[in-house]
Number of protein chains: 2
Amino acid sequence: MNAPHTFRKPLPQAFIDTLTERFGTRFSTSEGVRAHHGHDESHFPDALPDAVVFAHSTEDVVAIVEACREHAVPIIPFGVGSSLEGHILAIHGGICIDFSEMNRVLAINTEDMDVLVQPGVTRKQLNAELHGTGLFFPIDPGADASIGGMAATRASGTNAVRYGTMRENVLGMTAVMADGRVIRTGSRARKSSAGYDLTHLLVGSEGTLAITTELTVRLHPLPEAVSAATCAFPDIVSAVNTVIQTIQLGVPVARIELVDALTVQAINRYSKTTLHESPMLFFEFHGSPASVEEQAQTVQEIANDNGGLAFDWASRPEDRTRLWAARHDVYFASLNLRPGSRGVTTDVCVPISKLAECIAGTRDDIEASGFIAPIVGHVGDGNFHTIILVDPADEVEIARAEALNNKIVQRALALGGTCTGEHGIGIGKQAFLLEEHGSAAIDAMRMVKQALDPDNLLNPGKILPPA
Amino acid sequence: MNAPHTFRKPLPQAFIDTLTERFGTRFSTSEGVRAHHGHDESHFPDALPDAVVFAHSTEDVVAIVEACREHAVPIIPFGVGSSLEGHILAIHGGICIDFSEMNRVLAINTEDMDVLVQPGVTRKQLNAELHGTGLFFPIDPGADASIGGMAATRASGTNAVRYGTMRENVLGMTAVMADGRVIRTGSRARKSSAGYDLTHLLVGSEGTLAITTELTVRLHPLPEAVSAATCAFPDIVSAVNTVIQTIQLGVPVARIELVDALTVQAINRYSKTTLHESPMLFFEFHGSPASVEEQAQTVQEIANDNGGLAFDWASRPEDRTRLWAARHDVYFASLNLRPGSRGVTTDVCVPISKLAECIAGTRDDIEASGFIAPIVGHVGDGNFHTIILVDPADEVEIARAEALNNKIVQRALALGGTCTGEHGIGIGKQAFLLEEHGSAAIDAMRMVKQALDPDNLLNPGKILPPA
């Protein structure tokens with residue numbers, strides 16, 4: 001973690017005057033508004049911006065960027081504040097652009113299965129607005145995050161094994177560059193070989209290369225048939241082996257999620273469910289009725305070979321909704337295992353063949369550490385989290401949690417994996433980024449950052465480790 | 001098209017000495033070797049490099065780049081020379097790095113369904129080496145291109161509708177930067193949020209940002225069942241409407257290819273087939289036996305509703321092989337329609353809802369032009385080609401063909417599409433790139449190029465239009 005609150009200068013009065021004149025009450029330097037924008041879901045200390053502005057349009061963002069350029073004020077884009085690595089912390093001060101009021105769905109193209117949205121649209125809002133079109137947007141991180149924020153962190157969730165992540169689902173963007181110019185990247189065509197892939201350069205760039213003001217994202221047809229089930233296993237490795245064999249066989253599962261026994265306990269308490277308190281897989285199958293039945297049959301056989309109990313089916317839509325709501329609430333359910341705690345959330349992702357070794361090793365590390373730390377994961381992608389519950393006021397404990405995270409990351413990297421499957425780098429994983437990619441690749445990233453944001457105004461201090 | 005052969009300087013003797021010393025007979029300035037590397041499959045005039053070197057390793061490439069930096073010599077990576085927009089033409093002179101002898105498959109990871117290859121491995125070679133693993137590499141441009149070249153142009157082919165393009169299938173790369181440093185991008189993990197997406201930045205960059213020396217690409221399980229069929233239609237729009245409805249219904253077809261009546265004639269003559277000489281779709285279905293049957297049933301119903309004749313099934317593997325070989329040979333079959341001709345190949349891609357309008361308009365333009373120009377396409381992606389047959393010695397005719405291409409591109413852009421679905425920009429489509437993305441986005445691309453290759457040594461004159 002970088003030293004927070006460095007290089008902070010008071011906002012120039014001329015800057016305040018310019019923004020007040022243009023934005024009126026949409027521009028605020030009040031303590032309460034700043035405090036609301038000074039923390040995310042991570043355990044890092046609050047770092048308040050000096051001001052917050054609520055953008056309504058691309059032109060608004062251009063005006064903000066121009067003022068910030070003139071007065072050398074850092075800019076931090078803000079969706080709903082659900083990031084997990086300190087992405088939106090104003091560690092160098094500056095102005096936070098809140099996109100929550102820039103949240104219109106601009107065009108639903110049902111025939112081409114894509115949609116044009118403003119960055120403040122949240123994933124649940126989008127799916128609500130898609131109701132009746134026969135289409136849905138599959139990316140579902142734990143929080144009801146904004147589409148802009150999800151693109152910024154290259155987010156995924158429980159459906160990624162079948163439908164991909166934000167990397168695969170963002171088709172194009174409108175973005176404001178650090179020089180105040182507006183670019184349009186990508187195309188509504190499903191493929192293109194036209195020049196450098198600026199869309200993929202911006203996806204995952206955490207607001208450090210440009211500020212996204214519109215996004216075109218893919219939609220997918222609602223499956224004709226859906227079935228969901230849970231399956232309990234005698235131990236976690238049997239569950240993981242079921243996953244590995246399912247993926248290697250090419251079964252097109254829509255969801256295949258692991259929860260360990262501790263997580264099931266947390267879920268049962270928090271969501272009032274009565275799940276069997278052992279390591280468990282949550283499945284969902286999408287397709288035609290025949291295909292769904294075929295997939296379910298195949299996976300049941302694999303699970304059975306690995307010692308799994310009988311599948312427990314959630315047949316009615318409302319049962320499925322309850323099941324997946326419980327799964328999505330795991331983070332908050334876990335925090336309840338230790339009242340007053342915050343989570344230090346790990347996020348490694350490894351090649352599927354290494355998943356059992358990685359999870360078993362992680363479990364041993366957790367046991368040795370003495371922490372309460374449930375394991376939960378999007379295991380079809382090779383991605384899993386441990387939520388290490390810490391007392392946020394106890395620095396020694398946080399340091400121990402970070403040491404445990406370090407151990408987990410080192411194992412994942414040694415197994416050919418990544419330090420973050422879906423949460424991003426923020427301020428929390430910069431040292432790991434360097435380890436994972438090496439100094440030459442990080443220097444290449446620095447060159448790109450320097451080229452596109454020479455004055456380091458866009459979310460400074462995020463992603464790239466100090467040189 | 002840029003003025004070729006500009007800024008060409010003779011190679012410095014010290015440079016020749018350095019490379020001769022290190023590479024011996026693998027370095028050549030002979031006319032014959034240079035001539036072999038001075039043209040691709042486009043209609044653009046030959047532009048020979050000043051020398052050719054056959055690389056065997058990443059270290060070789062580093063040594064070449066260092067010598068080129070010292071002596072300001074341009075560098076052009078070369079796979080098999082099958083590019084279609086002049087990508088490998090040495091329009092500013094310089095040295096061509098031939099990767100044909102750097103063609104080893106380094107590691108097949110069957111459990112994780114990925115493979116590490118050197119850039120000179122061709123797609124057919126890779127699939128031959130995968131024989132017996134139960135896996136295959138699906139990307140199949142018309143030529144037996146190299147994996148390195150396919151990554152450079154973001155290639156796709158007939159399977160992209162189901163399996164994606166190089167964009168979706170390259171997991172990581174080793175590449176030599178213009179400063180001689182070696183970077184490793186990406187990860188064998190199936191997803192990652194770790195920093196800027198250098199992999200996607202390099203895929204499609206046509207050798208202008210770095211020189212790829214190793215690639216990790218995804219593999220896919222060989223489907224349990226495969227079936228293929230052709231279906232003739234009374235007119236091209238009925239065929240295209242069948243495609244649109246199939247895609248919009250979410251049927252996971254593996255291949256859905258359009259050939260117009262003229263193309264079928266060309267195929268019948270060249271490949272000694274007896275296909276019905278009318279607009280036609282070629283289908284392939286992959287999956288479990290039940291799923292394949294279900295897909296075929298659904299698509300047959302859609303085709304029938306659109307006036308399609310009965311499906312003609314290629315049931316035996318050898319029949320399927322013959323069918324797809326005939327499809328892959330369309331470019332050469334088309335050239336035979338006008339002996340001595342070369343093709344000016346268009347490559348637009350539009351949102352699927354606009355495909356019928358785009359193809360019908362294109363057909364009218366061709367008729368008005370008087371050119372022989374078959375239409376063929378990866379229509380499931382919204383992508384199609386016209387192969388405009390020209391006399392390569394007739395400049396007036398080439399200009400007319402380019403005017404026709406221009407018309408086709410303008411329509412595609414107006415419909416929300418791209419000027420190139422899979423062939424890339426090279427020297428042929430730079431003006432279209434600017435029109436498609438606008439000057440601000442092109443300037444952003446220039447900034448990236450300037451940052452990563454400040455001396456403009458890497459394939460200069462490609463992709464970016466003159467400033």
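1. B:Asp60 and B:Arg26 form a salt bridge, with the closest N and O atoms 2.8 Å apart. B:Asp60 sits in helix 3 (residues 58-71) of chain B and B:Arg26 in the loop between helix 1 (13-23) and strand 1 (27-28), so the pair ties together parts that are 34 residues apart in sequence. A salt bridge here is a side-chain nitrogen of Lys or Arg within 4 Å of a carboxyl oxygen of Asp or Glu. Helices (H or I, at least four residues) and strands (E, at least two) are DSSP runs, numbered from the N terminus. B:Asp60 is buried, at 4% relative accessible area. Buried means under 20%, exposed over 50%, and partly exposed in between (1.4 Å probe, protein chains only).

2. On the basis of the values: this is a predicted model, where local features need pLDDT of at least 70, side-chain atom pairs count only at pLDDT 80 or more, and totals for chains, interfaces and linings use all residues. Residues are numbered from 1 along each chain as its sequence is written, chains are lettered from A and ligands numbered from 1 in the order in which they are written, and side-chain values use heavy atoms, leaving out hydrogens and water.

3. Over all chains, the count is 40 salt bridges. In chain A, A:Arg22, A:Arg26 and A:Asp60 are linked in a salt-bridge network.

4. A:Glu257 pairs with A:Arg327 in a salt bridge, closest N and O atoms 2.8 Å apart. A:Glu257 belongs to strand 13 (residues 255-259) of chain A and A:Arg327 to helix 12 (residues 317-328), so the bridge ties together parts 70 residues apart in sequence. Both ends are buried: A:Glu257 at 1%, A:Arg327 at 6%.

5. A:Arg316 forms a salt bridge with A:Glu318, at 3.7 Å between the closest N and O atoms. A:Arg316 is partly exposed at 47% relative accessibility. A:Glu318 is partly exposed too, at 45%.

6. What length should helix 9 of chain B have? Its 13 residues (236-248) should span 18 Å at 1.5 Å a residue, and the end C-alpha atoms are 18 Å apart, which agrees. The expected span is 1.5 Å times one less than the number of residues.

7. Buried residues of helix 9 of chain B include B:Ile236, B:Val240, B:Val243 and B:Ile247. Their cover includes helix 6 (160-163), strand 13 (255-259), strand 14 (280-287), helix 11 (289-305) and helix 14 (355-369) of chain B.

8. At the N-terminal end of helix 9 of chain B, B:Asp235 is the cap: a side-chain oxygen lies 3.2 Å from the backbone nitrogen of B:Val237. After the helix comes B:Gly250, with a positive phi near 80°.

How values were computed: Contact = heavy atoms within 4.5 Å. Polar contact = N/O pair within 3.5 Å; in protein donor to acceptor, adjacent residues only side chain to side chain.
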